[in-house]
Amino acid sequence: MNAILRSSIAGCALLFGAATASAEGLVAYEIVDGTIPVSLTGKPGDPEAGRAALVDRKLGNCLACHTATDLADEQFHGEVGPSLDGVADRWDEASLRMLVVNAKMIYEGTVMPAFHRDAGFNRVMDSFAGKPILTAQQVEDVVAYLKTLKE
Amino acid sequence: MRKLPGLLAGGVVAAAMTAAGGASADETNLPSIDGVTLQTRVEAPEGHPLTEIISGFEFRTKETQALELDDFNNPGFLMVELGEEAWSTVEGSAGKSCESCHGDASESMRGVRAAMPKWNEAAGRPFTLENQINACRTEQMGAEEWKWESDAMLGMTAYVGLQSRGMPVKVDIESGEMRKWWEKGKELYHTRFGQLDMACANCHESNYGNYIRADLLSQGQSNGFPTYRLKWQKMGSLHRRFKGCMDNIRAKAFKRGSDEFVALEAYLAWRGQGLSVETPAVRN
């Protein structure tokens, strides 16, 4: 599925971010074969917290673009991206982590923001400069929630 | 995923019929205001990035459309009246008003909005309507410049803009160095900005007709500006809208009147060619 990107990924340095990341900042991770196999925090995430972070407009705000049957109680689902129903059947945990951290490594040129990245942007508003959208913990929580979306 | 806003076409007619100000739909089902037809959909010429050029009008609800189609209910007309009054008000050291030089606005200002921004040879840059108004004020009237987003400027751009209502947007990108500005605008339109790393084109070219959370994305056309926006409870300039879009993607916006926004405005006018000027439009 991500054969097109293999080359660009292989060309990139495998370590991103600062080794001494603060709680708010970016943590280092390793990309293996276009995926991130190891938890960013070294622990499994909490799916309930992940569901909340995914919905929260100031955090994931994933419903800006996606819909999911499990989130039918939430208002205003977007149509920019595909439904998240069954993502856990289509992607393993390591790929889901890559998708949330930086979906551009899987879908080249995608409109989907990279949620755990803090550099390489243009004119970021001062209050968000140098920060990822989601912390490492929030990424793990969101990934844990996505893993529950089976059909 | 895309819902083409065609489903709103019926709504246009219904909105026109229920509007109290005597608006009526013509035989081609296009909306109209006091007999002036609004071309809200036009076929794109060859080499244009869109196949059909569609006004933001088509993406709004029947209720919002009805407000725009009825000058008595359109809240933008408060600003238009302000502009109309200022038109004949003498100001500045030369003892002149706009009217002293331009006479009847309904004749002299007809078509002006439709052709903006326009190359200004003396200034060596494109002039937006705001730039032209301020040049008249400082050079002809000996008056102070108006601030970009001031009520006075919004009122005058709305009043002057109204004189072109229904006329097709037609910007000249061949005169002077307009091409360069157009190129710059095109580049900005496709540049990703902010923490969300998105470009204008991501939302307004690839995703118009799709909902992004609660908002139905339009093509982000400029033909209705200045526009009364229900969310602002006020009329706002095109550059205020640009800033809003950049804020949403957590980008540091350019300043109103900056070269970047003027270039974007020139490019957008070209993208919206053929659409009717709708100033003062109503949007949500």
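In the predicted model, chain A exposes about 7,500 Å². Carbon and sulfur atoms supply 56% of that area. Of the 151 residues in chain A, 48% are buried. Chain A holds five helices and two strands. Along the sequence, these follow the pattern α-β-β-α-α-α-α. Considering contacts in chain A between residues at least 6 apart in sequence, 51% join residues at least 24 apart.

Chain A also packs against chain B. The contact involves 31 residues of chain A and 26 residues of chain B. The size of an interface is often given as the accessible area lost when the parts come together. Here the area buried between chain A and chain B is about 2,500 Å². Carbon and sulfur atoms give 52% of this area. Glu79(A), Arg123(A) and Met125(A) supply 30% of what chain A buries against chain B, more than any other three residues.

Polar interactions cross the same interface. Three salt bridges are counted between chain A and chain B. One salt bridge links the side chains of Arg117(A) and Asp197(B), at 3.7 Å from N to O. On the side of chain A that touches chain B, 15 residues are nonpolar, eight are polar and eight are charged. Polar contacts across the interface of chain A and chain B involve 16 residue pairs, both residues at pLDDT 80 or more.

In chain B, Glu121(B) lies in the loop between β5 (118-120) and β6 (125-127). Glu121(B) counts as exposed because its relative accessibility is 60%, above the cut-off of 50%. Its side chain makes a polar contact of 2.9 Å with that of Trp119(B). Glu121(B) and Phe59(B) are 62 residues apart in sequence, and their C-alpha atoms are 38 Å apart in space.

Definitions and conventions:
Residues are numbered from 1 along each chain as its sequence is written. Chains are lettered from A and ligands numbered from 1 in the order in which they are written. This is a predicted model: local features need pLDDT of at least 70, side-chain atom pairs count only at pLDDT 80 or more; totals for chains, interfaces and linings use all residues. Side-chain values use heavy atoms; hydrogens and water are left out. Helices (H or I, at least four residues) and strands (E, at least two) are DSSP runs, numbered from the N terminus. Buried means under 20% relative accessible area, exposed over 50%, partly exposed in between (1.4 Å probe, protein chains only). A polar contact is a pair of N or O atoms within 3.5 Å; within protein, one must be able to donate a hydrogen and the other to accept it, and residues adjacent in sequence count only if both atoms are side-chain atoms. Contact means heavy atoms within 4.5 Å. Accessible areas come from the Shrake-Rupley method with a 1.4 Å probe; for residues, only the protein chains shown count as cover. Buried area is the accessible area (1.4 Å probe) that two parts lose on being put together, summed over both. A salt bridge is a side-chain nitrogen of Lys or Arg within 4 Å of a carboxyl oxygen of Asp or Glu. Ala, Val, Leu, Ile, Met, Phe, Trp, Tyr, Cys and Pro count as nonpolar, Asp, Glu, Lys and Arg as charged, and the others, Gly among them, as polar.
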